[in-house]
Amino acid sequence: MQSYTIGQAARLLGVSPDTARRWADAGKVATHRDDGGRRLIDGRDLAAFSIEVAQTGTGEDDASYTSARNAFPGIVTAVTLGDVAAQVEIQAGPHRLVSLLTREAVEELGLEVGMQATARVKSTSVHIDRT
């Protein structure tokens, strides 16, 4: 039976190798090690898992399709509503992200302190600061 590396499985599933690795670490798909120490997924296990992903969705990005590749899943730590605008703060691991958006968008999303949310960042420019 053919086995697949994490990278090969990721390509077949249409996700990043990091996502495939997280799924394997979480036990969502079984892996074993080859003689070289690489983690492999049996073809039958990968086939079954790919059907599960397609039917039920198990990834972080199942709710939408986006070209934004910098996703920071975290927890909402603050929501400040103004008359028209709002500020939402998300703690994503060691990163604190602050977003300014419309009050209407915050209300439509139902954003509240304590709920999970993902901040997505897409930019055409990157600023570098001297450290």
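Predicted model: local features only at pLDDT ≥ 70, side-chain atom pairs only at ≥ 80, totals over all residues.
Does Thr 5 count as buried or exposed, and what is its relative accessibility?

1. Let's take Thr 5 to begin with. At 17% relative accessibility, Thr 5 counts as buried, because the cut-off for that class is under 20%. You will find Thr 5 in strand E1, which covers residues 3-5.

2. What does Thr 5 touch, once residues up to four places away in sequence are set aside? Its partners are Arg 38, Arg 39 and Leu 40.

3. Now please look at helix H2, made of residues 17-25. Its buried residues are Thr 19, Ala 20, Trp 23 and Ala 24. They lie on the same side of H2, because the arc they cover around the axis is only 140 degrees.

4. If you trace from Gln 8 to Ala 20, the two are twelve residues apart in sequence, while their C-alpha atoms are 9.5 Å apart in space. Ala 20 is one of the buried residues of H2.

5. One last stop is Gly 27, which follows H2. The phi angle of Gly 27 is positive, near 80 degrees.

Key
Residues numbered from 1 in each chain as written. Heavy atoms only, no water. Buried < 20%, exposed > 50% of the residue type's maximum accessible area, 1.4 Å probe, protein only. Helix = DSSP H or I, 4+ residues; strand = E, 2+ residues; numbered from the N terminus. Arc of directions from axis to C-beta. Contact = heavy atoms within 4.5 Å.
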